[in-house]
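Open your viewer and get ready to pick out a few residues with me.

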Amino acid sequence: MIRAYRLPDLDALYDICLDTGNGGLGARHLFEDPKLMGHAFVGPYAAFEPDLVFVAEDDEGIAGYALATADTEAFEDRCDRDWWPDLRVRYPLTKDPNRIVQHIHHPPRVDPFLVRDYPAHMHANLLPRAKGKGFGGTLVRSVLERLEKGVHIHVRHHNTHAIGFWEHLGFRVIDSADKLVLGLRL
């Protein structure tokens with residue numbers, strides 16, 4: 001079943017983020033704090049744009065999610081103002097911070113040329129038990145129906161399964177520098 005996000009779902013979304021992080025291989029072993037990845041890549045979307053968060057639920061519980069922001073630049077500004085400051089106190093920069101702590105302290109900014117045609121961005125993650133059952137495409141389409149212009153996503157080059165998934169949904173590579181950037185015009 002695909003449904004709109006509800007606040008009690010947040011812990012499950014954080015867990016899925018961690019269990020599918022690291023290019024889809026799982027990142028639980030990489031972090032002492034199991035909430036860290038979720039704070040960076042789920043929390044602000046659920047807090048600021050809950051209408052653009054959908055979950056896939058099966059008999060075992062929540063098995064995946066798709067989430068987005070309609071305006072990436074405004075979202076980044078809001079995170080700088082209302083999300084990152086508390087996390088920067090909770091997760092200070094150390095001599096050798098992990099990549100998520102670096103992201104919290106120095107979040108990347110979207111390329112202004114990219115958002116001209118693709119102002120929205122999204123993320124989608126599924127647990128292995130939900131893959132190949134149509135959940136992913138249905139989740140993404142549920143979010144896309146609520147967006148008005150173009151949307152972009154970032155995928156690591158080695159995550160070939162994710163690249164194929166997004167291309168199957170009509171996304172096309174628009175940049176391939178540090179990470180692949182795929183976009184879809186709506």
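Start by selecting Ser 142: leaving out residues up to four places away in sequence, Ser 142 touches Ile 2 and Phe 54 (contact means heavy atoms within 4.5 Å). Before going further, note that this is a predicted model, where local features need pLDDT of at least 70, side-chain atom pairs count only at pLDDT 80 or more, and totals for chains, interfaces and linings use all residues. Residues are numbered from 1 along each chain as its sequence is written, and side-chain values use heavy atoms, with hydrogens and water left out.

Ser 142 is found in helix H7 (helices are DSSP runs of H or I with at least four residues, strands are runs of E with at least two, and both are numbered from the N terminus). Ser 142 is buried, with a relative accessible area of 14% (buried means under 20%, exposed over 50%, partly exposed in between, using a 1.4 Å probe and protein chains only).

Now select residues 135-144, the whole of H7. Eight of the ten residues of H7 are buried, so this helix is largely enclosed by the rest of the structure. Among the buried ones are Phe 135, Leu 139 and Val 143.

Next, click on Tyr 65. Apart from neighbours within four places in sequence, Tyr 65 is in contact with residues including Leu 13, Cys 17, Phe 54 and Leu 139. Leu 13 and Tyr 65 have the most contacts inside the largest nonpolar core, which has 30 residues (such a core is a set of buried Ala, Val, Leu, Ile, Met, Phe, Trp, Tyr and Cys residues joined through side-chain atoms within 4.5 Å). Elements that each supply at least two residues of this core include helix H1 (10-20), strand E3 (61-69) and helix H4 (72-90).

What about the cysteines? A search of the whole structure finds zero disulfides (pairs of cysteine sulfur atoms within 2.5 Å). For Cys 17, the nearest cysteine sulfur is that of Cys 79, 14 Å away. Cys 17 is buried at 3% relative accessible area, and Cys 79 is buried at 2%.

Finish with strand E7, residues 180-184, where five of five residues are buried. Leu 180, Leu 182 and Leu 184 point one way, while Val 181 and Gly 183 point the other. Select 151-155 as well: five bridges join this strand, E5, to E7, and the two run antiparallel (strands pair if DSSP finds at least two bridges between them). His 154 has Val 181 as its bridge partner in E7, and Asp 175 also stands opposite Val 181.
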